[in-house]
Structure formats: structure tokens, C-alpha cells
Amino acid sequence: MPSLFRRKPADLVEDSVTTVTTDEGSAAARPRGYTPSKKELGRVTPKRPTAGRRPGAPAGPLTKEEAREQRRVARAEAAAEFRREGGPRDRGPERLLARNVVDSRRTVGTWFFGGALIVLVGSNQAMPPIVRLVSNLLWGALALGVVIDSVLISRKIKKLVRERFPRSDQKLGSLYLYAIMRSITFRRMRAPAPQVEIGDKI
């Protein structure tokens, strides 16, 4: 009867053999300094966000029409930005104050170029003497009006700058010239665009 409880040699061999999984087997075959990758550890590398990336280059070269259209759009955007914000010479609170002084009033200078054209036509030798005389008088009146207007604008700018920006390092002569040049420019053509209406208090 004791032989019934005796284990067979084949059973002893099976018990002594340990089942090795694929992962354990591969781990045993790796060198001692091996570092497992994130994929082997079951981790997933997050993808970089696409927002904020620069758009890729066009697939192919642009045609002449497409390049011309791009240049036209770029020029239009640059002109709109200059019309809205001006250039480097328009920066600073003192320049803004000078622009507002000019834009808040009617200036003789806006009629200067129109009057100059009339004077140029009226001063032609083919015109009657009376027309030439009136043209010369108109030219003198416009020139005198621009001078007087420029003096009044400069005096107001000087007063306001000293009141509001006592520590300003801006040269007043430069501000005067800046304002006078703006005063003889048509309102619709001024850049930056006027931010005040005619008659507004500065």
C-alpha cells in the first residue's frame, strides 16, 4: 500500500521546473545597465500641443499671381497699421498731445494746398491782370494765415506740455514742427488717424 502514495519521478521533475514568462525571460537576458523604455513600462508619451506652432511651409512654390496677391495683402495690412498707429516718430505722450491739439481745431493749413493750386492757375500770364492780382492776394493771405495758425498751435502745445509733462525731455522745436506739418495735411490723410473731433477740449 505504501507504493500508492509514492510520487513518480516525472512529477518531481515538473515541480522543480518554474514557468518563466516572456517578460521575465527577456528581463533576464538584458544586461545589468539596461534601462527599460516607457513603452515597455506601459507608459504613453503625451503628444505636444499643436496650438502655437508655426504653420508649415506651402507644399509647392507659389505662382506669380499668388505671390503678387500676398504682396498686395501685406502692403494693405502695413498701410492700415501705419494709418492706425503711425510710425516710430509718432510715439510718446507728447506727440499724442500735439496731434490732439491740431486735430481738435480747424487749421488754415488744410486749405493751403488747394489755394496754392488756384494761385498757380490764376498766376498764368494768359489770365487777365485782375485774376493774377487776386491770385497773388490769395497766396499772401494763405501764407499769413498759416504763419498765424502755426504760432497759435505752438503756443498751446508749449503750455500744455509744461503743465502735463514738466519732466519731459522732448524738444519743443521738434514738437512744433511735427504739429505744423500735421496742420497742413488734410484731415483724412493724417496718420495716425485723429482720435479727437473738431471742437473737443484738450
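Buried means under 20% relative accessible area, exposed means over 50%, and partly exposed lies in between, with a 1.4 Å probe and protein chains only as cover. The model is predicted, so local features need pLDDT of at least 70 and side-chain atom pairs count only at pLDDT 80 or more, while totals for chains, interfaces and linings use all residues. Residues are numbered from 1 along each chain as its sequence is written, and side-chain values use heavy atoms, with hydrogens and water left out.

**Exercise 1. Classify Phe 113 by its accessible area, and then describe the aromatic pairs.**

Step 1. Phe 113 has a relative accessible area of 45% and is therefore partly exposed.

Step 2. Rings of Phe, Tyr and Trp (its six-membered ring) pair if their centres lie within 6.5 Å, and planes under 30 degrees apart count as stacked, over 60 as edge-to-face and the rest as tilted. By this rule there are two aromatic pairs.

Step 3. Phe 112 and Phe 113 have ring centres 5.7 Å apart and planes at 80°, so this pair is edge-to-face.

Step 4. Phe 112 and Trp 139 form a tilted pair, with 5.4 Å from centre to centre and 40° between the planes. This pair links distant parts of the chain, since Phe 112 is in helix H6 and Trp 139 in helix H7, 27 residues apart; helices here are DSSP runs (H or I, at least four residues), numbered from the N terminus.

Step 5. Trp 139 is partly exposed, with a relative accessible area of 38%, and Phe 112, Phe 113 and Trp 139 form one aromatic cluster.

**Exercise 2. Compare the annotated transmembrane regions with the helix content of the model.**

Step 1. The unreviewed UniProt entry places the annotation "transmembrane region" on residues 108-127 and 133-154; such annotations may be inferred rather than shown by experiment.

Step 2. Residues 108-127 are 55% helix and 0% strand, with the end C-alpha atoms 26 Å apart, whereas residues 133-154 are 100% helix and 0% strand, with the end C-alpha atoms 32 Å apart.

Key: Helices (H or I, at least four residues) and strands (E, at least two) are DSSP runs, numbered from the N terminus.
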